[in-house]
Amino acid sequence: MIRFKIKELIAEKEFKERRKITLQEVSDSTGVNRTALSKMMNPSYEYSTTTKAIDSLCTYFDCNVGDVITHIRN
């Protein structure tokens with residue numbers, strides 16, 4: 001199973017920048033739909049996305065692919 005770590009990345013960015021970051025801000029900055037981000041954050045919803053979306057999230061959060069997604073063995 002693939003797990004997205006969007007919540008963790010937002011929390012880390014909020015801490016570093018000492019401000020609140022909304023899903024709408026992430027959506028506006030990355031071009032990834034806010035609904036898609038919400039689905040990525042819900043582990044019970046097995047969401048599939050594009051490499052372009054992952055690339056945009058990596059750029060926004062200034063991180064690597066492994067920081068955005070992880071594989072969990074069942």
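The accessible surface of the chain amounts to about 5,200 Å², and carbon and sulfur atoms contribute 49% of this area. The model is predicted. Of the 74 residues in the chain, 32% are buried. The C-alpha trace spans about 35 × 20 × 20 Å along its principal axes.

The chain contains 5 helices and 2 strands, arranged from the N terminus in the order β-α-α-α-α-α-β. The radius of gyration is 12 Å, close to the 11 Å given by the globule rule for 74 residues, so the chain is as compact as a globular protein of that length. Among contacts with a separation of 6 or more, 59% join residues 24 or more positions apart.

Helix 1 comprises the 12 residues 6-17. At 1.5 Å a residue, this helix should span 16 Å; the distance between its end C-alpha atoms is 16 Å, which agrees with that expectation. The buried residues in helix 1 are I6, L9, I10, K13 and E14. These residues lie on the same side of helix 1, because the arc they cover around the axis is only 135°. Their cover includes strand 1 (2-4) and helix 2 (23-30), together with helix 3 (34-41), helix 4 (51-61) and helix 5 (65-68). On the face of helix 1 turned away from the buried side, F15 and K16 are exposed. Just after helix 1, R18 adopts a positive phi of about 50°.

Methods:
Residues are numbered from 1 along each chain as its sequence is written. This is a predicted model: local features need pLDDT of at least 70, side-chain atom pairs count only at pLDDT 80 or more; totals for chains, interfaces and linings use all residues. Side-chain values use heavy atoms; hydrogens and water are left out. Helices (H or I, at least four residues) and strands (E, at least two) are DSSP runs, numbered from the N terminus. The expected span of a helix is 1.5 Å times one less than its number of residues. Buried means under 20% relative accessible area, exposed over 50%, partly exposed in between (1.4 Å probe, protein chains only). The arc is that of the directions from the helix axis to the C-beta atoms. Contact means heavy atoms within 4.5 Å. The radius of gyration is taken over C-alpha atoms; the globule rule is 2.2 Å times the number of residues to the power 0.38. Accessible areas come from the Shrake-Rupley method with a 1.4 Å probe; for residues, only the protein chains shown count as cover.
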